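Thank you all for coming. Please take a moment to look at the chain before I walk through a few of its features.

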Amino acid sequence: MNAANPEPHQGFLCALDDVPDGGALEIPADRAGAPGVVILRRGDDAWAYRNVCPHFSIPLNYEPNTFWAYDAELLMCAHHSAMFRFEDGVCVDGPCEGASLTPVEIRIEQRQIFNNDWRRQL
Ligand code: FES
């Protein structure tokens, strides 16, 4: 590795506009067995979490890149309908109320979303 030949993605996850406004986008795991990431978006804001529901430690979605979001405020787990706030990943209704999704630190630069600590977190 050298400065003239940077690693391929340097934490790049996706373009902000790849994420449906008021919805979610799945970033599949790079490594076998590692959880993916779900990115939530409201306008120019975005939040990222490991795609693992704290209820049963399984992905929040049932089918690839298919998520249920409500009013650009809440993400619903496809399995038992736990509802998570976009902003902090806290479950506000459902079987794991009070539990939280695990945040993944991101930054947005020129409408591109990067993982701040991609070597450790993904
Ligand atoms: S696995 Fe998500 S609510 Fe049960």
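Where pLDDT is low, the predicted coordinates should not be read in detail. For the chain, the mean pLDDT is 89, and 86% of the residues reach 70 or more.

Residues are numbered from 1 along each chain as its sequence is written. This is a predicted model, in which local features need pLDDT of at least 70 and side-chain atom pairs count only at pLDDT 80 or more, while totals for chains, interfaces and linings use all residues.

Now to the sheet: three strands, in the order S1-S10-S9, form an open sheet with antiparallel pairing. Strands here are DSSP runs of E, at least two residues, numbered from the N terminus, and two of them pair if DSSP finds at least two bridges between them. Strand S1 (12-15) and S9 stand at the edges with a single partner strand each, so one side of each has no neighbour in the sheet. S1 and S10 are joined by three bridges, and Ala-15 has Gln-112 in S10 as its bridge partner.

Finally, which residue lies in the loop between strand S9 (106-109) and strand S10 (112-115)? That is the place of Gln-110, whose phi is near 50 degrees, a positive value in a residue other than glycine.

Technical notes
pLDDT = per-residue confidence, 0-100. Helix = DSSP H or I, 4+ residues; strand = E, 2+ residues; numbered from the N terminus.
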